[in-house]
Amino acid sequence: DPSCPEPAEAGAAQLDSVEDFEVLEEDEDDLSELPPLEDVGRARGPPREDARSSGQVSGEAVEDPQEWLDVLGNGLLKKKTLVAGQGAESRPRKGQEVTVRLKATLEDGSVVEENPGLTFTLGDCDVLQALDLCVQLLEMGETALITSDAKYCYGTQGRSPDIPPNAALTLEVELLEARDAPDLELLSGKEKIGLANRKRERGNFYYQQADYVLAINSYDIALKVISSSSKVDFSPDEEAELLDVKVKCLNNLAASQLKLDHYEAALKSCNLVLEHQPGNIKALFRKGKVLAQQGEYREAIPILKAALKLEPSNKTIHAELSKLVKKHADQKTVETEMYRKMLGNPSAGSAPVKCKDKLPWSIPWKWLFGATAIALGGVALSVVIAARN
């Protein structure tokens, strides 16, 4: 976590160690326009109702092999019923808490996970995408086989030490229970802190996988949990711990938004942290980076200097500040040259042009002196003639 060291068993490495991860170049599939999973048609083969009419009953093993359901239509995520459930009306809804029995294996048959009672909130991306998407299609009591590409499991990173990068998984899943999620207003301080931390840690997992969109989703959910109204009184210690979790989520949210070049959103997240903790080094550093990306060097430099003053030995801040000062100097040079051109003096190195004091219509002083002498002579001659007369 970028805001506070966490024990290794928390399952998420500190984000500082991956601060320089590059955004993945390959575009993720946009699933937002797909129809609801309940409406996705089955690929080839009769509907399951046909199987039921031939004598299949709830909880009974399916004797005839069923055609696979291509869940997303791209062939990368498929589901097949092994044991029938209690009907489509028993399917869980998004937002409910579900409990499943899970067994996950690699393509070579190696079992990498077994959990007799895994509980999670459906639709919150608390678990593998393959599991989150397919459980929505399960009927109560149904057991299904799910084959998934690495894209919807552990991706290019894998999971050390048992799941290699780009590994496809086969999941055997049985839906055991579905119930409404607890009312956030009735959660105790300890329960709210625990729930928010689980969502935050899931965001950290997606950040490590370089899936910044899902990371943002998890951090947003955690912040909604923290900010929800409550009918329960919290102790001062619980209030302080909730604020600490909130600051961590906002800092991590800003880091994810920076990875996606969402500068205005990242700036807002940083400012929210600084409202609570004006001396938060990570928020100051990221705010400086956001402003620098927007070309606001004059504003970014003092913010990074403030961060460096709080942690003088931080090499990352040193490097960023040095780079920024150079860019600002280059920017001022460009601006100065632009102003010279605007004022009609394109080159600072050209020889200065002498300014002429006289106007184009001014009379040379020699001619003026001569004219004055002639005029005076004329006056003197007139006086002499008048005296003789």
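Colleague: Is E174 buried or exposed, or in between?

Modeller: E174 counts as partly exposed because its relative accessible area is 21%. Buried means under 20% relative accessible area and exposed over 50%, with partly exposed in between (1.4 Å probe, protein chains only). This is a predicted model, in which local features need pLDDT of at least 70 and side-chain atom pairs count only at pLDDT 80 or more, while totals for chains, interfaces and linings use all residues. Residues are numbered from 1 along each chain as its sequence is written, and side-chain values use heavy atoms, with hydrogens and water left out.

Colleague: Which residue forms a salt bridge with E174?

Modeller: Side chains of opposite charge can pair when their charged atoms come close. The rule here is a side-chain nitrogen of Lys or Arg within 4 Å of a carboxyl oxygen of Asp or Glu. E174 pairs with R101, the closest N and O atoms being 3.0 Å apart. R101 lies in strand 3 (residues 97-105) and E174 in strand 6 (residues 169-179), 73 residues apart. R101 is partly exposed, because its relative accessibility is 25%. Helices (H or I, at least four residues) and strands (E, at least two) are DSSP runs, numbered from the N terminus.

Colleague: How many salt bridges does the rule give?

Modeller: The count comes to 13. One of them joins E142 and K79, with closest N and O atoms 3.0 Å apart. E142 sits in the loop between helix 2 (129-135) and strand 5, and K79 in strand 2, 63 residues apart. Both E142 and K79 are buried. D124 and K199 also meet in a salt bridge, at 2.9 Å from N to O. D124 is in the loop between strand 4 (111-121) and helix 2 and K199 in helix 3 (residues 189-208), so the pair ties together parts 75 residues apart in sequence. D124 and K199 are buried too. E97, E177 and R179 are linked in a network of salt bridges.

Colleague: Which strands pair with strand 2?

Modeller: Two strands pair if DSSP finds at least two bridges between them. Strand 1 (residues 69-70) pairs with strand 2 in the antiparallel sense over 2 bridges, and D70 stands opposite K78. Strand 5 (residues 143-148) also runs antiparallel to strand 2, joined by 6 bridges; there K79 faces I146.

Colleague: How many residues of strand 2 are buried?

Modeller: Strand 2 (residues 77-83) is mostly covered, with 5 of its 7 residues buried. In its hairpin with strand 1, which has 6 residues between the strands, G73 takes a positive phi near 80°.
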